[in-house]
Amino acid sequence: MIKLSQIEKVYTTKTIETLALNNINLDIMKGEFVSIMGPSGCGKSTLLNIMGLLDDPSTGQVEINGESFARFSDKQLAKFRNNTIGFIFQSYHLINDLSVIDNVELPLLYRNVSSSERRKLASEALEKVGLANRMKHFPSQLSGGQKQRVAIARAIVGRPQIILADEPTGNLDSVMGNEVMDILLKLNEQEDTTIVMVTHDESMAQKTHRLIRLFDGSQVN
Ligand SMILES: Nc1ncnc2c1ncn2[C@@H]1O[C@H](COP(=O)(O)OP(=O)(O)OP(=O)(O)O)[C@@H](O)[C@H]1O
Ligand SMILES: [Mg+2]
């Protein structure tokens, strides 16, 4: 489902060149739940962003569902991303002046979905994460765990085949972190969603099918 071949990423600033990823080769199957671990600065977010077509590699190839993207325009890329991939970030990235349900509807605005259908799909997504009773709240009125569950609802509302999560439990205490992890596990098991999750938490990583360790931009297992 996701294939990375000989990926390198070099960041160049005025003063320094950083090799953030060094010859990464990865094959992730449909329905796999993969975790990525490694010390701060080893390239985890860079790798996830490249997988999610948010960033280009310096060299190498990304394929998703057999598709490669060199000839895609930005617009085509955005459309493909919107239809195929849901993103979850450590710091939630919710829009504070939109209500919970409006936040969850956002990815559907870029598709041809009627407003009543958007409401329906967003309510269903919020039910899946146990937040049907918080639809009219605003993000500032929610706990961290609830915010992350809203972010998950937003990520799944368009039924993406792939979810990419960058430290989704990083800002949460262990109880809330486990709730979020349980939702991801359930999505993976019941809906066959392919998930790639960056985490600093061994116990979370142990619950996934496969663990990829990075060190200084290279795979170490
Ligand atoms: N926009 C950028 N410009 C220059 N260097 C960058 C940029 N983004 C990341 N880097 C460098 O690339 C390396 C990998 O960064 P990345 O954010 O992928 O690390 P990470 O493993 O996600 O770390 P953390 O666990 O702290 O989130 C780091 O050395 C970082 O300084
Ligand atoms: Mg990171």
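Start with strand β6, residues 85-89, where all 5 of 5 residues are buried. Keep in mind as you click around that this is a predicted model. Show the side chains: Ile85, Phe87 and Phe89 point one way, while Gly86 and Ile88 point the other way. In a regular strand, side chains alternate between the two faces of the sheet. Here both sets are buried.

Which strand is joined to β6 by 5 bridges? Select residues 162-166: that's β7, and it runs parallel to β6. For one pair to zoom in on, take Ile88 and its bridge partner in β7, Ala165.

Next, the largest nonpolar core, with 56 residues. Pick out Met51, Val104, Ala125, Leu126, Ala153 and Leu164, which touch the most other members. Now colour helix α5 (residues 144-156): with 6 residues, α5 gives the most to this core.

Over to another sheet. Select β2, β1, β4 and β5, and you have an open sheet of 4 strands in that order, with antiparallel pairing. The edges are β2 (17-28) and β5 (67-68), each pairing on one side only. Inside the sheet, β1 (residues 2-12) and β4 (residues 59-64) are antiparallel and share 5 bridges. To see how they line up, pick Ser5 and find Gln61 opposite it in β4.

Last stop: helix α1, residues 44-51. What does α1 lie across? Strands β1, β2 and β4, with α1 running at about 125 degrees to β1.

Note on methods:
Residues numbered from 1 in each chain as written. Chains lettered and ligands numbered in written order. Predicted model: local features only at pLDDT ≥ 70, side-chain atom pairs only at ≥ 80, totals over all residues. Buried ≥ 20, exposed ≤ 12 C-beta atoms within 10 Å, placed from the backbone. Helix = DSSP H or I, 4+ residues; strand = E, 2+ residues; numbered from the N terminus. Pairing = 2+ DSSP bridges. Core = buried A, V, L, I, M, F, W, Y, C linked by C-beta atoms within 7 Å. Contact = placed C-beta atoms within 7 Å. Axes fitted to C-alpha atoms, helices over the stretch in contact; angles between N-to-C directions.
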